[in-house]
Amino acid sequence: MLKSQSLLKDDCADNVIKFYADMVYRLAFARTGTKSDADEVFQEVFMRYIKKQPVFENEEHRKAWLIRVTINCSIKLWNSAWKRKTEPLTETIPFETKDDINLNNELRQLPKKYREVIHLFYYEDMSLAEISQALNRKNSAVRTQLTRARALLKNMLKEDFDV
């Protein structure tokens with residue numbers, strides 16, 4: 001918490017990028033599913049941050065802005081005419097353990113709306129209220145999506161262990 005408060009005093013773009021780089025990249029990857037698309041979204045988010053130089057009330061406001069822009073850039077990427085006419089490449093991402101690889105593969109099979117809720121809840125430690133605000137969804141919808149995503153993941157992982 002002290003680290004995030006110190007960011008307000010030193011609003012340098014380099015410090016903000018270093019502090020939020022992992023969060024933005026992981027969310028972009030969770031939404032797009034590929035490293036190259038996540039790289040593109042990552043660059044676009046921080047280019048917008050640098051160009052607009054938005055003023056924030058506090059660090060939570062900055063974090064919410066970055067999450068919203070990451071989601072919007074992911075949507076823009078998927079809706080672009082260029083993206084609709086491309087074929088995805090199969091790529092592997094280096095993970096530290098085999099469990100991480102298996103979990104990533106299972107997460108990629110989830111529908112996008114479930115993947116982003118899982119990511120925000122477990123990887124970004126956001127509450128249901130924060131997620132519903134960031135995604136412009138009702139709190140009950142987020143709770144339902146999180147429950148369904150957990151059930152899908154449980155079934156997927158259960159099938160893997162039954163083999």
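This is a predicted model: local features need pLDDT of at least 70, side-chain atom pairs count only at pLDDT 80 or more; totals for chains, interfaces and linings use all residues.

Which pattern does the protein chain follow when read along the sequence?

Modeller: Read along the sequence, the protein chain shows the pattern α-α-α-α-α-α-α-α-α. That comes to nine helices and zero strands. The chain has 163 residues, and 36% of them count as buried. Now take the contacts in the chain with a separation of 6 or more. Residues 24 or more positions apart account for 63% of these.

Next, the core. The largest nonpolar core has 35 residues. Val45, Tyr49, Leu66, Ile67, Leu110, Ile118 and Leu120 have the most contacts inside it. H2 (13–32), H3 (35–52), H4 (59–79), H7 (112–123), H8 (128–135) and H9 (139–162) each supply at least two of its residues.

Leu120 deserves a stop. Set aside its neighbours within four places in sequence. Leu120 is then in contact with Leu27, Ile67, Asp125, Met126, Ile131 and Leu135.

Now to the helix pairs. Two packed helices are described by the angle between their axes and the distance between the axes.

Start with H4 and H8. Their axes are 9 Å apart, and the packing angle is about 50°. An angle between 35 and 65 degrees falls in the oblique class, so H4 and H8 are oblique to each other. Their crossing is right-handed. Which residues meet here? From H4 come Glu60, Ile67, Arg68 and Ile71. From H8 come Glu130, Ala134 and Leu135. By type, the residues of this contact split into four nonpolar, no polar and three charged.

H8 has another partner, H7. H7 and H8 pack at about 135°, with 10 Å between their axes. This pair is therefore oblique too. H7 passes H8 in a right-handed crossing. On the H7 side are Glu116, Val117, Leu120 and Phe121. They meet Leu128, Ile131 and Leu135 in H8. The residues of this contact divide into six nonpolar, no polar and one charged.

H3 and H4 pack at an angle of about 130°, and their axes lie 9 Å apart. H3 and H4 are therefore oblique to each other. The crossing of H3 and H4 is right-handed. H3 brings Asp37, Glu40, Val41, Glu44, Val45, Phe46, Arg48 and Tyr49. H4 brings Arg62, Trp65, Leu66, Val69, Thr70, Cys73, Ser74, Lys76, Leu77 and Trp78. The residues here divide into ten nonpolar, two polar and six charged.

Finish with a residue in H9. Gln145 lies in that helix. Is Gln145 buried or exposed? Buried means under 20% relative accessible area. Gln145 has 11% relative accessibility, so this residue counts as buried. Leave aside its neighbours within four places in sequence. Gln145 is then in contact with Lys113, Tyr114, Val117 and Arg137. Val117 is one of the H7 residues that meet H8.

Methods. Residues are numbered from 1 along each chain as its sequence is written. Side-chain values use heavy atoms; hydrogens and water are left out. A nonpolar core is a set of buried Ala, Val, Leu, Ile, Met, Phe, Trp, Tyr and Cys residues joined through side-chain atoms within 4.5 Å. Buried means under 20% relative accessible area, exposed over 50%, partly exposed in between (1.4 Å probe, protein chains only). Helices (H or I, at least four residues) and strands (E, at least two) are DSSP runs, numbered from the N terminus. Contact means heavy atoms within 4.5 Å. Axes are lines fitted to C-alpha atoms, for helices over the stretch in contact, and angles run from 0 to 180 degrees between N-to-C directions. Angles under 35 degrees count as roughly parallel, over 145 as roughly antiparallel, 65 to 115 as roughly perpendicular and the rest as oblique. A crossing is left-handed if the near helix is turned anticlockwise from the far one by less than a right angle, and right-handed if clockwise. Ala, Val, Leu, Ile, Met, Phe, Trp, Tyr, Cys and Pro count as nonpolar, Asp, Glu, Lys and Arg as charged, and the others, Gly among them, as polar.
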